[in-house]
Amino acid sequence: MNNSFARLIDGMCATLRAEVLTRLTDEFARGQVFGVINALNTFKVRADWSAALLLEQLAAQQEALDAIRPLVPLSLPAEPAPVPTPTAELLQRRDAGNRALLSVLTWLDGPAAAADPVRRAAVEGHLRRAMRAEVDLELRHSPRPLFAEMSSGREA
Amino acid sequence: MNPLGDDRALAARIEQYLTTQAGRPVTVGPIRRFPVGFSWLTFAVPISGLEGEETRELILRLGPADGLFAPYSATPQVQAMRTFAPSDVPVPRAYWHSDDPAILGAPFLFCEKAEGHAIVPWVPASEPPLEEGYRKRVGTQFIDALAALHRLDWRDQPIAAMATTATTADGTITPENAAHHAVQAYKRLIDRWAMRPYPLAEWGIRWLEQHCPVAPRVTVVHGDYRTGNFLEHDGRISAILDWELVHLGDPHEDLAWVSMPMYKGGSPYLCRLCEPEWFYERWAAQSGIAVNMASVRYYQVFSLLKLAATHMAAARCFEEGRFNDLRMPAMGSQVATCLRQMDKLIESA
């Protein structure tokens, strides 16, 4: 793919609206098309091309450059291969972090009852900031949902 | 073979069932599914041969085994519709129902197709506000029907079957345990549905458990009373719909649900219909129950937790491949919105 991920999403949404919805009369089916558009809009702000393909391309490039370097009088890049963290691993770490925050909440309701109130309040403050940060970040990366369109099958 | 997902096969099953029930040949035309509703499936069913009438349409509601709140029973909805049939609460007439999935593939109920259209809660910013006279007319009925629902003495009615529960200490819903019972019900649902830990949801449950109000009395609670769940015809509310969350509890639960920000449709009015002061004053006068605004605020927090839980269920159902309705992941993406609003309410309480 030579087009950007975001432009491709925009193109798909525009095609569904202009070329598919204008020819579709069934109300439920139209609602589902709006559901597809809604999902595509989310991809646009949260997803991108898979890094795996690029990593393979980079590795192939580097292998060639490393082989050529001693043969030519040029300064060729010798970059170490990037090591990205797989998304699944990041999700696991997020959930583990949330479980740790939950254990703090349980502690507040149990053993902390006898603890210093200032310390309790400080822990509670940090906890609330962390919980809010998670949802605030999610909201910042969410498009406007198309509930009106999905429920009515009609363009708003 | 389960006929769900195959409209022709479903129509054939309906024909067979209604022929048996009516004791005469009944024919069923092409059935039509509505895009409304996120839980039960709703169909318009054209039927000929019932009591010698011309073709008429009935509504069929089916609670699929893979639905949001499954496993379903049609009984509570039918109990509610039969309870309110002779009251000031407009309800569609309930006909046949069964929880036996062998008949139509899922628990189901048939009811009258009331005339009218639904005023949708979700409207774009470009949508003009409801015409003032119309808004007041429909708003008045909207309040009065809710007050009539809460006014009803349910103890001698079919719905009284819901009064006993295995999850409260003495087995019954009381003014003292109504809030706790409601919170525990959704705590269990979040445990069942959440696909990952949500500390903010736990924070909300903790706050709700620590601040349970006493109900002014135990009433019927619709559970999903809002625009989108009633029909309007020529300026009259013709039917209150979607009784699947009906239960007994604190009437403030319905008042709070009506006031959810997502149902205002960009207007300053509750459910696009009522000024808040007018809504609470008229409801109190009509129901004979004083409004306790602290209880309303409590149940607003609860309502946002309940919405978040429902959205968690939608995400899970889609993730597990139980169905491919693309409205479900869209709902699932709204968990953060609900939890953030809930947290703000807790902070200001």
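Predicted model: local features only at pLDDT ≥ 70, side-chain atom pairs only at ≥ 80, totals over all residues.
**Where the chains meet**

- Chain A brings 32 residues to the contact, and chain B brings 29 residues.
- The size of an interface is often given as the accessible area lost when the parts come together.
- Here the area buried between chain A and chain B is about 3000 Å², and carbon and sulfur atoms give 66% of that area.

**Salt bridges**

- Over all chains, the count comes to 27 salt bridges.
- Between chain A and chain B, the count is seven salt bridges.
- In one salt bridge, A:D109 pairs with B:R206, and their closest N and O atoms are 2.6 Å apart.
- A:D109 sits in helix α4 of chain A and B:R206 in helix α6 of chain B, so this pair joins two chains.
- A:D136 also forms a salt bridge, with B:R340 as its partner and 2.6 Å between the closest N and O atoms.

**The side of chain A that touches chain B**

- Four elements of chain A give two or more residues to this side: α2 (27-46), α4 (87-109), α5 (117-140) and α6 (147-152).
- Of these, α5(A) gives the most, with 11 residues.
- Sorted by class, the residues on this side of chain A are 15 nonpolar, five polar and 12 charged.

**The second largest pocket**

- Rolling a probe the size of a water molecule over the atoms shows where empty space is left.
- The second largest pocket has a volume of about 1600 Å³.
- It is lined by 43 residues, and the closest to its centre are A:T42, A:R46, A:L91, A:R94 and A:E138.

**The cavity**

- How many cavities of 30 Å³ or more are there? The count comes to one.
- The largest cavity has a volume of about 50 Å³.
- From chain A, its lining includes A:N38, A:T42, A:R46, A:S142, A:P143, A:R144 and A:P145, while B:S333 and B:Q334 come from chain B.
- By class, two residues of this lining are nonpolar, five are polar and two are charged.
- A:T42 and A:R46 line this cavity, and both are also among the residues closest to the centre of the second largest pocket.

Note on methods:
Residues numbered from 1 in each chain as written. Chains lettered and ligands numbered in written order. Heavy atoms only, no water. 1 Å grid on protein atoms, 1.4 Å probe; cavity = no way out; pocket = protein on both sides within 12 Å on 5 of 7 lines; lining within 4 Å. Points joined across faces, edges and corners; volume = space filled by probe spheres on them. Nonpolar A, V, L, I, M, F, W, Y, C, P; charged D, E, K, R; others polar. Contact = heavy atoms within 4.5 Å. Buried area = accessible area lost by both parts, 1.4 Å probe. Salt bridge = Lys/Arg side-chain N within 4 Å of Asp/Glu carboxyl O.
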